[in-house]
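Please keep the sequence and the structure in view while reading.

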Amino acid sequence: MLRLIYFSTPGRAEAIRVALSLSGEQWEDVTVDGIKYRSMKDNGDLPWGMLPVLQTPNGTIAESTAILRFVGRMSGFVPDEQFQRAKADEFIDGMEPLSKALDSTFGISDDDERIRLRKEVFGPDGNGTKNLLLLERKISESKTGWAAGTDDMSIADLKLFTGLFGLFSGNYDGIDAAVISNYPRLIEYHDKIANDPRIKQYYAGTNSEDIRWTFLPGAFKQN
Ligand SMILES: N[C@@H](CCC(=O)N[C@@H](CS)C(=O)NCC(=O)O)C(=O)O
């Protein structure tokens, strides 16, 4: 039995959740709050002091992308062919600056200041904008439409779809979903993934009020 431990938000665990649910493996989605997180950290249950972790019969695996690669193999989202596998890994590693774009805004308790900083991240010279432009270009360069140019959906798609669009759910104040309207290729890409039967099946029980609304077909169409 595998146990994925993370907060209830999509964040760095969502791609792993999708892969696990499509793997046919038995697994448990364990969500924790800040208090439980700190007690796990103090008990030495977190190899690198952070979440997510995956508890397996052989021990605990940390680091979201390491876990994604591990469960991606179980669910057929790691390409068999070596070059494609490397390109999927490359894409995932290349996305790290986007995952980090908001880091400097966490832990700022002054609401106005936090919102101002987040608007700056996705403003004209912001790091978020630079990363979105880069991803827009990467997607337009893909010959297959899948993020890493693989023959089928890969872990790179799970990471891009959940990691990128999850930023615009409203969970992070100061980040407006309308930003995405500036990126037509990313909207096309969203359509492709959100309408893929595997992804649709995973989000079948999700509605537009849910924090996961950004993963539903048409989520960004009106923006
Ligand atoms: N490189 C790590 C980063 C993990 C990380 O930043 N986890 C955050 C939640 S998204 C965390 O555990 N934060 C708790 C804290 O630092 O207080 C990964 O990708 O797993």
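**The sheet and its strands**

Leu4 stands opposite Leu54 in strand 3. The model is a predicted one, in which local features require pLDDT of at least 70 and side-chain atom pairs count only at pLDDT 80 or more, while totals for chains, interfaces and linings use all residues. Residues are numbered from 1 along each chain as its sequence is written.

Strands (E, at least two residues) and helices (H or I, at least four) are DSSP runs, numbered from the N terminus. Strand 1 (residues 2-6) and strand 3 (53-56) pair in the antiparallel sense over 3 bridges, where two strands count as paired if DSSP finds at least two bridges between them. Strand 1 and strand 2 run parallel and are joined by 5 bridges. Along this pairing, Leu2 stands opposite Trp27 in strand 2, and Arg3 stands opposite Glu28. Strand 3 is joined to strand 4 by 4 bridges, and these two strands run antiparallel. They form a hairpin with 2 residues between them; within the pairing, Thr56 has Gly59 in strand 4 as its bridge partner.

Together, 4 strands make an open sheet of mixed pairing, in the order 2-1-3-4. Strand 2 (27-31) and strand 4 (59-62) stand at the edges with a single partner strand each, so one side of each is left without a neighbour in the sheet. From one strand to the next, the twist averages 20°; axes are lines fitted to C-alpha atoms, for helices over the stretch in contact, and angles run from 0 to 180 degrees between N-to-C directions.

How much of strand 1 is buried? The answer is 4 of its 5 residues, so strand 1 is largely enclosed by the rest of the structure. Here a residue is buried if 20 or more other C-beta atoms lie within 10 Å of its own, exposed if 12 or fewer, and partly exposed in between, with C-beta atoms placed from the backbone.

Helix 1 lies across strand 1 and strand 2 and runs at about 160° to strand 1. This helix is mostly covered, with 6 of its 8 residues buried: Glu14, Ala15, Ile16, Val18, Ala19 and Leu20. The cover over these buried residues includes strand 1, strand 2, helix 3, helix 8 and helix 10 (197-202).

The domain assignment, which is automatic or taken from a database, divides the chain into domain 1 (2-74) and domain 2 (82-215). Their C-alpha centres lie 20 Å apart. Across the boundary, 12 residues of domain 1 are in contact with 12 residues of domain 2, contact meaning that the C-beta atoms of two residues, placed from the backbone, lie within 7 Å. On the domain 1 side, the elements that give two or more residues are helix 1 (14-21) and helix 3 (64-74), and helix 1 gives the most, with 5 residues.

**The nonpolar core**

A nonpolar core is a set of buried Ala, Val, Leu, Ile, Met, Phe, Trp, Tyr and Cys residues joined through C-beta atoms within 7 Å. The largest such core has 54 residues, and those with the most contacts inside it are Leu4, Ile16, Ala19, Leu68, Ile155, Ala156 and Leu158. Helix 8 supplies the largest share, 7 residues. At least three residues of this core come from each of domain 1 and domain 2. Leu68 touches Ala15, Ile16, Ala19, Ile155, Leu158 and Lys159, leaving aside residues up to four places away in sequence.

**Loops with particular backbone geometry**

Most residues other than glycine have a negative phi, and most peptide bonds are trans. The peptide bond from Leu51 to Pro52, however, is cis, with omega near 10°; Pro52 is found in the loop between helix 2 (34-42) and strand 3. In the loop between strand 4 and helix 3 lies Glu63, whose phi is positive, near 70°. Glu63 counts as partly exposed because it has 16 C-beta neighbours inside 10 Å.
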